[in-house]
Amino acid sequence: MTKKIAFWIFLIGTLSSTLLFLGLTWDTQRQVATLSHVDKLSDQVVAGKRAFEKYNCNDCHTILGFGGYYAPDLTKVVQRVGEEGIRYRVKSPELAFANSFRKMPNLHVTDQETTDLIAFFSWVGEINNNDWPPQDSKKRLSRGEQMMVAKVGVSPGAAVFQTKGCMNCHSLRGTGGTFGPALDKVGARKTAEEIEKYVQNPKGGNPKAMMPSQKDNLSERELDEVARFLATLK
Amino acid sequence: MEYRSQKIAYWYFAAALPLFVLQILVGLWLAANYTFTIPQSIVNVFPFSTARAIHTNLLVLWMLLGFMGGTYYIIPEETKSELYSTGLAWFQLIALLATGVTAIVGFLFGWTQGRPLLEIPMALDFVVVIGALVFLFNVGMTMFKARNWTVIQGTLLGGLVFLALLYLFGIPFYRNVVIDWYYWWWVIHLWVEGSWELVTAAIFAFILMKITGVERQVVEKWLYVEIGLFLFTGMVGTGHHYYWIGAPRYWLWFGGFFSALEPLPILLMLFDTMHHVKERKAKIINPLTWTYAIGCAVIHLIGAGVWGFLHTLPQINYYTHGSQVTVSHGHLAFFGAYALLNLMTFYYAMPKLKGIAVYDDRRGKIGFWTMCSAMMIMGLTFGVAGVLQSYIERVLGMGYMVAQGYMRLWMGVTMTAGFFFLAGLLTTVVDLFTLRPAKCINS
């Protein structure tokens, strides 16, 4: 190979890839409007994005998987913990994370900013992003569930409990979150029917409950299985 | 040192090294945040986010200073002329340092643009742009006046212009978060897999040519092929960051395909380094400098090439995206490709700037091997933590903090390795600042 051939390899390689990249960029710009629902991108959502940047949230949390890995991804945070859950964590992190081995700073975010943040997160959660993250995917989670039942030999209800994010807040035998109460003995307090009702509408059972309704998170079968499993814990 | 104006490079290196040490100290604090429970009162005033912003911005700052110093060292020898202006080089060094220090102090008080790695507020961005323009002007004028064009010069200048242009895409505020991330990667990805690779390839080719005595024609021929492959795979390869952001689905194909090819230029770089060392015409005078060259090529390939390849396939990335697997890749790749490149440049240029022909490299060797071993261990332990996270959180869906609980041990091991890294780095920095001529026992 001569230096001249090497030069042509450089030139053609660079130009072809650059042109393809710019072409795809042009097309992406065009399609993002639909994929991200730009019609719903209100001024409040933008204000939320500004608040998100003002407090540098993104250097602890990821969003769409980018940012700091120190705290949970926020792409689907509204679906996960609900608006009230967000408000509680932002407003009083010292209470929300009192039992957690990792803390969140109290940055004195104003109420208006918190409302804007929630609008921002709600909009982000609707972006059509090829069903990421997997743990929030409706399609793929049932796969994790099946795997647990098949491989680990747990009951279907236990599999639902582990794969549907219950453990983000609740714990069993010391494993799991610290937001909600530990559920090791929940069966002694509630029957399967009561649990099922409570999970669908926590506020109905206890007006002060922080737990978001799981109506959209769980199918009827899953709800039934998880309630029956929890009722056996005495 | 053949030209007086090369001396300015020393001050760029001298500014870069302490910043590197500071970066590692903050890194240790970050690891401690993962390992221990930091009390709420400390978290409120000095959260992880602030420390992370400092850690990453220091990285960019010291590496850019290193590249600039390296450029100022190389340009006079390549163009066979003095620099256009050492005054401008001084001005730009001070401007960049002042901006960096202001930015980092600003982070402590919450003055930030709030976008990861691009936290520097807009007002300071403009100072950076002015500094970059002055730098390009100075380098460009030196080259244009000398009219001794070489491929190494062209690559260097091209890489630096590209670097400055891309920075502009990180400055504005984007309303749509999808578009925001789309162009954020023009800065981050096209820097590290585009313009920085060009600068690196040019500096690497220059030093290799000097220490092995292989003919310019041969070195420059391979340089063309390497940068061609870097840009061919790297441009569309940006697509591996567009899988899950709300961009069209075809990015899974384009990103997956082109980034699977990204290890090729790095592999080629390793092969031709080995080849040049084997076919060398000159006696290798300072073995440590070429230990650095080979270390750089090898860890560059492992960290950027292999680790990058492992998790850019969409099927894998779906589970590993945004986990500690990314952190493992980031640390190995940056260390291998850019930290070692800079240190190699320092070890090449510093003795010459001090007028030492053969330097005593006993301490330097200890530093090199300590840093490389510690970083390899960190790469592995971050990787273990990342795989645990991907499986527990993403595959099993057991929740973020459940996964973090299992990962804690591994982050502790990472922190321990980090202390060894710091020890290796301090040895290296002290060695570089106090280089002595070797006592020739045998001669």
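How many Å separate the centres of domain 1 of chain B and domain 2 of chain B, taken over C-alpha atoms? The answer is 20 Å. I will come back to that pair after some ground rules.

This is a predicted model: local features need pLDDT of at least 70, side-chain atom pairs count only at pLDDT 80 or more, and totals for chains, interfaces and linings use all residues. Residues are numbered from 1 along each chain as its sequence is written, while chains are lettered from A and ligands numbered from 1 in the order in which they are written.

Chain B, then. Its domain 1 runs 1–149 and its domain 2 runs 151–284. Those bounds come from an automatic or database domain assignment. Between them, 18 residues of domain 1 of chain B are in contact with 17 residues of domain 2 of chain B. In contact means that the C-beta atoms of two residues, placed from the backbone, lie within 7 Å. On the domain 1 side, helix 3 and helix 5 (122–146) of chain B each supply at least two residues. For the classes, Ala, Val, Leu, Ile, Met, Phe, Trp, Tyr, Cys and Pro count as nonpolar, Asp, Glu, Lys and Arg as charged, and the others, Gly among them, as polar.

Now the overall build of chain B. We have 15 helices and zero strands. Helices (H or I, at least four residues) and strands (E, at least two) are DSSP runs, numbered from the N terminus. The radius of gyration of chain B is 21 Å, close to the 22 Å that the globule rule gives for 443 residues, so chain B is as compact as a globular protein of that length. The radius is taken over C-alpha atoms, and the rule is 2.2 Å times the number of residues to the power 0.38. Of the 443 residues, 58% count as buried. Buried means 20 or more other C-beta atoms within 10 Å of the residue's own, with C-beta atoms placed from the backbone.

Next, chain A. Here the secondary structure comes to eleven helices and four strands. The C-alpha trace spans about 80 × 45 × 35 Å along its principal axes. Buried residues make up 44% of chain A. The chain is divided into domain 1 (1–35), domain 2 (38–125) and domain 3 (137–231). The centres of domain 1 and domain 2 of chain A, over C-alpha atoms, are 37 Å apart.

How do the chains meet? In contact are 63 residues of chain B and 68 residues of chain A. On the chain B side, helix 8 of chain B gives the most, with twelve residues. That side divides into 34 nonpolar, 20 polar and nine charged residues.

Last, the core. The largest nonpolar core has 204 residues, and B:Tyr12, B:Tyr292 and B:Met344 touch the most other members. A nonpolar core is a set of buried Ala, Val, Leu, Ile, Met, Phe, Trp, Tyr and Cys residues joined through C-beta atoms within 7 Å. Helix 7 of chain B brings the largest share of this core, 22 residues. Leaving out residues up to four places away in sequence, B:Tyr292 touches B:Leu340, B:Leu343, B:Met344, B:Tyr347 and B:Phe368.

Note on methods:
Buried ≥ 20, exposed ≤ 12 C-beta atoms within 10 Å, placed from the backbone.
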